[in-house]
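Look at the sequence and the structure first, then read the points below.

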Amino acid sequence: MSNRLIKDIITSKKNLNRLVIVEWFDPCDHSDEMTITDMDVQKAIYESSGFLMGVSNDHLVIGYNKDRGETGKYKGYGTIPLSLIINVHIMDRNCE
């Protein structure tokens, strides 16, 4: 998916509070010792799901447990740097 299409999906106000799956590269650190000749780094790609809350400081924010009452608050959330996002899928039909 193109970066422009991802940006359009995650910044559209009509998609706020919708269920999404986000595919992203996971950078990692290891405390193990390694030499240049031992290098064999494997790419790690993850999928995270949640309700689209929006973008803040170059991070996508997804909420996990949505209060169906008047508050509309989320109990728990996650953030993913925009630069690591590969794809975003809208999973619901936006039915209320």
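Two residues are in contact when they have heavy atoms within 4.5 Å of each other. With that in mind, the buried residues of helix 1 pack against strand 2, strand 3 (59–63) and strand 5 (85–90). The model is a predicted one.

**Helix 1 and its buried side**

- Ile6, Ile9 and Ile10 are the buried residues to look for in helix 1.
- These three lie on the same side of helix 1, because the arc they cover around the axis is only 90°.
- As background, an α-helix has 3.6 residues a turn, so residues three or four places apart point the same way.

**The nonpolar core**

- In soluble globular proteins, nonpolar side chains tend to be buried together.
- Here the largest nonpolar core has 12 residues in all, including Ile6, Ile9 and Ile10.
- Also in this core are Val20, Val22, Trp24, Leu52, Leu60, Ile62, Ile80, Ile85 and Val88.
- Helix 1, strand 1, strand 3 and strand 5 are the elements that each give two or more residues to this core.
- Ile85 is in contact with Ile6, Val22, Glu23, Trp24, Leu60 and Ile80, if its neighbours within four places in sequence are left aside.

**The salt bridge**

- Side chains of opposite charge can pair when their charged atoms come close.
- The structure holds one salt bridge.
- Arg4 and Asp8 form a salt bridge, with their closest N and O atoms 3.4 Å apart.
- Arg4 and Asp8 are separated by about one helical turn, because they are four residues apart in helix 1 (residues 3–11).
- Arg4 is exposed, at a relative accessible area of 53%, whereas Asp8 is partly exposed, at 35%.

**The loop between strand 1 and strand 2**

- Which residues make the nonpolar surface patch of about 490 Å²? Met34, Ile36, Met39 and Val41 make this patch.
- Ile36 lies in the loop between strand 1 (19–25) and strand 2 (45–56), and Met34 is found in the loop between these strands too.
- Ile36 has a relative accessible area of 71% and is exposed.
- Met34 is likewise exposed, with a relative accessible area of 51%.
- From Met34 to Thr71 the distance is 50 Å, C-alpha to C-alpha, and the two residues are 37 residues apart in sequence.

How values were computed
Residues numbered from 1 in each chain as written. Predicted model: local features only at pLDDT ≥ 70, side-chain atom pairs only at ≥ 80, totals over all residues. Heavy atoms only, no water. Salt bridge = Lys/Arg side-chain N within 4 Å of Asp/Glu carboxyl O. Buried < 20%, exposed > 50% of the residue type's maximum accessible area, 1.4 Å probe, protein only. Patch = residues over 30% accessible without salt bridge, like charges linked within 9 Å, V, L, I, M, F, W, Y side chains within 5 Å. Areas by Shrake-Rupley, 256 points an atom, 1.4 Å probe, with all protein chains shown as cover. Arc of directions from axis to C-beta. Core = buried A, V, L, I, M, F, W, Y, C linked by side-chain atoms within 4.5 Å.
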